[in-house]
Amino acid sequence: MSERRKQFPFPEFEPKWQQVWLERQTFHAPNPREPGFEPAKPKFYVLDMFPYPSGDGLHVGHLEGYTATDIIARYKRMKGFNVLHPMGWDAFGLPAEQFAIKTGLHPSVATARNIGRFKNQLKKVGFSYDWARELTTTDPGYYKWTQWIFLKLYNSWFDPKIKAARPIEELIATRQLEFPDQSEDELRDIVDEHRLAYVTEAPVNWCPELGTVLANEEVVEGKSEVGGFPVVRRPMRQWVLRITAYADRLLDELEFLDWPESIKLLQRNWIGRSVGAQAMFRADGLDEVINVFTTRPDTLFGATYVVLAPEHPLVNRVTTPAQRAAVQEYREKVSTKSDLERTDLAKEKTGVFTGGFAINPVNQERIPIWIADYVLISYGTGAIMAVPGHDERDFEFAQKFGLEIRYVVEPPAPVESCFVGDGTAKNSGFLDGLPTAEAKDKVIAWLEEQGSGKRSITYKLRDWLFSRQRYWGEPFPIIWRNGRHEALGESDLPIVPPPLDDYRPTGTIEPPLAKAKGWITLSDGATRELNTMPQWAGSCWYFLRFTSPDNANRFVDEAAERYWMSGDGARQSWRGGVDLYVGGTEHAVLHLLYARFWHKVLSDLGYVSTIEPFHRLVNQGMILGHDNQKMSKSRGNVVSPDDIIEEYGADALRLYEMFLGPLESTKPWSMSGVEGVYRFLARVWRLAMDDDQEGQWQLSSSLSNVELSAKQQKVVHSTIKKVSEDLESLSYNTAIAQMMIFVNEFTGAQIRPVEALRTLLILLSPFAPHLAEEIWWRLGTSFAGFQGMACEQPWPEWSDKYLAEEEVQIVIQINGKLRDKVNVRKDLGKDEIEQVALASMKVREATRGKSVRKIIAVPNKLVNVVVD
RNA sequence: GCCGACGUGGCGGAAUUGGCAGACGCGCUGGACUCAAAAUCCAGUUCACGCAAGUGAGUGUGGGUUCGAUCCCCUCCGUCGGCACCA
């Protein structure tokens, strides 16, 4: 098969042009003030979600998004933009480390090797990346600044008054002014409680197999996302980032982004803002108050018991001696349960009575206090008032344990049991008769008046667990002295991990860095933080670093950041950012939320010029194997780009990636489809080239500098129009279809106008750059008008005058059914086409002996004759 | 369970301020070229009936609005994705 003669000599010219582009630095984008920078042009920043260089290499699915952005990048250059189109490597992280442990190859070695392979593969596809801007997150020159940003987080706090981060010094100064007598230690405690990066001892997701703690987002159905190992909950001291402070802004500032609505919705749901109230229930006989959060304060009169999360701090206080043993046993059982077990057992509610009672603030009623694991310590206040009449979970629990069920909302239509919708308050004292919304407002006002509650908002979003007990990640720029953490200075950066031969997890909660005895202790007795940052860290700001990847003095060059992120124009805070960001839906929540969070902090502190990092986001769909299954090694349906390039060339690969279907939909790969676009490219080639008797390719003798016929002009101009418009909307598949129509038209021509071919090559150049370049160059040897490279030509304009029709076909319908077609002069009026329609034989036959009830005439479109 | 997206020929997919359903490609059928094949070129290809002209049906299901619905509204079914005791 591979011995078969190629239909056009891509194995020769594809590497040739890749070499030429590289040598001439065709796609290098200079920064402002650098040689070659053209200030008159507008900027366009088009970015791929950079890959994690795994050991398996790329498959055709990865290349879909990369091809889409490359075509846009090439198109925008031809449209006269300064285009920033970079690529780099997200190289820290668990898979590389797991691989290293398995093979004994050091992660840095494996990573370097994988990057080499990925880069080679990408180069063979002919992508127009500015390789001078390549970056790697594991490079000390890069992670120095990741650590620097961490210091900014550590040394900042969120001021709720201005809803923005401020330097921690401002908080310290304020506190010193307000509380001059406060001790050094007290001040430290207050300040540490406000930092955007803080330490907390809390139940975390501990994965014994991986030897690390994981973020909630990295745990899927009670198992680790990487490897699928069991995860248990246990309390540990951890670094956490205060992303919840930004919950409202992360929510509100989504509005201005040009993102798919579905992705915005995913983020909104993830943040999970709930508006309601906190109500205070006194613990009967104790000097304690149980704070509960509810979104239905209007049902307070229906509360028949209170439930605390098993981990709630007041559990011990409210438990009576008689119940102590049972409570203790239950808490122990719950604490050792893994998340998986907890989820599995979700169907069956469990809980224990504490023996204690609480006083309902609205009616002073004494109701029992239970503990149950259906109440989560990490959400709201970790305690609820149970209203089994109007909450399904409480209803289920009350039924199981024989607790009272009381109905306090009258449903609009009768319901058998538990009713969770809105209705009218009843059995609720001063709320009786009020609709749900009003009852909520009234009871909140009442609670606030009484000092026993307040309006309150809660989020599902949790603070971001930021430390990992692993080796292959950024070390924290933090040391510990006398049980307190301290930030290292900026001049100490980067903190380079010690070279460890044995970087395996220790088997205990101690991170692997603990093994570097000489490294952990500093000369003055302080010890280093041993945790490392999670994989997300490096990808939170790489798009910024691309603007000036080699800057050694600052995390980004100020002018470069401003130029590429916000352009030269006025600073519209909501319009800036990467102009087009393309990647998979798997990052819809985590990466995109984390990056937005860091960006907002940097923005608040004045380090970046926009409030959002990515203005327009597009998710490419997944490419499935020929069997309609997700591509995976185990299924054996993975298609490697290397094989396609070998057989059909990079241009065919690029074109098929785009011809497959709409960028955003999931679609299966098919080899005969590749064959189809390959044939199309061969037809383009033969439009310009003939082979002689020895099989040598030479310029076709049919080529000539002749005028185009009207029909040819129309095809040329409608192709310019269609391709231009489709590129703007990323509808690559239909743009390619139109170029096929173009080629079909000219293949039949006896004499082929060079001018038409010239236009086609320019339009085709972003899609199939090698072929376009090669034919362009060959035509240039015999014809005028082919100076420079195809990829550097200005994008052609279409002229409507060639598209205008003198005649249009009008459809004639009878009772909505197609019965005839006639050609008429364009823009005939309603009455005129009506007459034409009525004159038609078909209409006369159909209306014979019947009465015409109505005629609908749409100029240039159709006439519909309605008869009885 | 809740939220969201999507259902169009044998296949991937086009077409929507409501106006010729099936562009383009794959596959298939026939023809030209060839000793022959491959490649290429030309023609045809939604389904049913028919030699044909044509007739009827047709965009997951059932209904509605309309002169007219792939497109708008309601119902149900299916596929995919997200969330999942979040009070």
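Author: Contact means heavy atoms within 4.5 Å. In chain A, among contacts between residues at least 6 apart in sequence, 71% join residues at least 24 apart. This is a predicted model, in which local features need pLDDT of at least 70 and side-chain atom pairs count only at pLDDT 80 or more, while totals for chains, interfaces and linings use all residues. Residues are numbered from 1 along each chain as its sequence is written, chains are lettered from A and ligands numbered from 1 in the order in which they are written, and side-chain values use heavy atoms, with hydrogens and water left out.

Reader: How many helices and strands has chain A, and what percentage of its residues count as buried?

Author: Helices (H or I, at least four residues) and strands (E, at least two) are DSSP runs, numbered from the N terminus. Chain A has 28 helices and 36 strands, and its C-alpha trace spans about 100 × 90 × 55 Å along the principal axes. Buried means under 20% relative accessible area, exposed over 50% and partly exposed in between, with a 1.4 Å probe and protein chains only. By that criterion, 54% of the 868 residues of chain A count as buried.

Reader: How many aromatic pairs does the structure hold?

Author: Rings of Phe, Tyr and Trp (its six-membered ring) pair if their centres lie within 6.5 Å; planes under 30 degrees apart count as stacked, over 60 as edge-to-face and the rest as tilted. The structure holds 60 such aromatic pairs. Phenylalanine 50 and tyrosine 542 are stacked, because their ring centres are 3.6 Å apart and their planes stand at 5°. Phenylalanine 50 belongs to the loop between strand S1 (43-48) and helix H2 (60-78), and tyrosine 542 to helix H17 (residues 542-545), so the pair ties together parts that are 492 residues apart in sequence. Both phenylalanine 50 and tyrosine 542 are buried.

Reader: What kind of pair do phenylalanine 466 and phenylalanine 476 form?

Author: Their pair is edge-to-face, with 5.9 Å from centre to centre and 85° between the planes. Phenylalanine 466 and phenylalanine 476 are both buried. Phe466 and Phe476 also belong to one aromatic cluster, with Phe150, Tyr154, Trp239, Trp464, Trp536, Tyr594 and Trp598.

Reader: Over the face of which ring does lysine 76 lie?

Author: A charge sits over a ring if NZ of Lys or CZ of Arg is within 6 Å of the ring centre and within 35 degrees of the ring normal. Lysine 76 lies over the face of phenylalanine 44, at 4.7 Å from the ring centre. Lysine 123 lies over the face of tryptophan 131, at 5.9 Å from the ring centre.

Reader: How many residues surround RNA strand B?

Author: A residue is near a molecule or strand if one of its heavy atoms lies within 4 Å of it. RNA strand B is surrounded by 48 residues, the closest being Ser274, Thr295, Lys349, Arg393 and Asn864. A base oxygen of RNA strand B is 2.5 Å from a side-chain N or O atom of lysine 349, and a phosphate oxygen is 2.8 Å from a side-chain N or O atom of arginine 679. Helix H24 (732-747) is among the elements that give two or more residues to this surface, and the largest share, six residues, comes from H24.

Reader: Is lysine 400 buried, partly exposed or exposed, and which residues does it touch?

Author: Lysine 400 lies in helix H13 (residues 392-401) and counts as partly exposed, because its relative accessibility is 41%. Not counting residues up to four places away in sequence, lysine 400 touches Glu348 and Lys349. A polar contact is a pair of N or O atoms within 3.5 Å; within protein, one must be able to donate a hydrogen and the other to accept it, and residues adjacent in sequence count only if both atoms are side-chain atoms. Such a contact, of 3.0 Å, joins the side chains of lysine 400 and glutamate 348.
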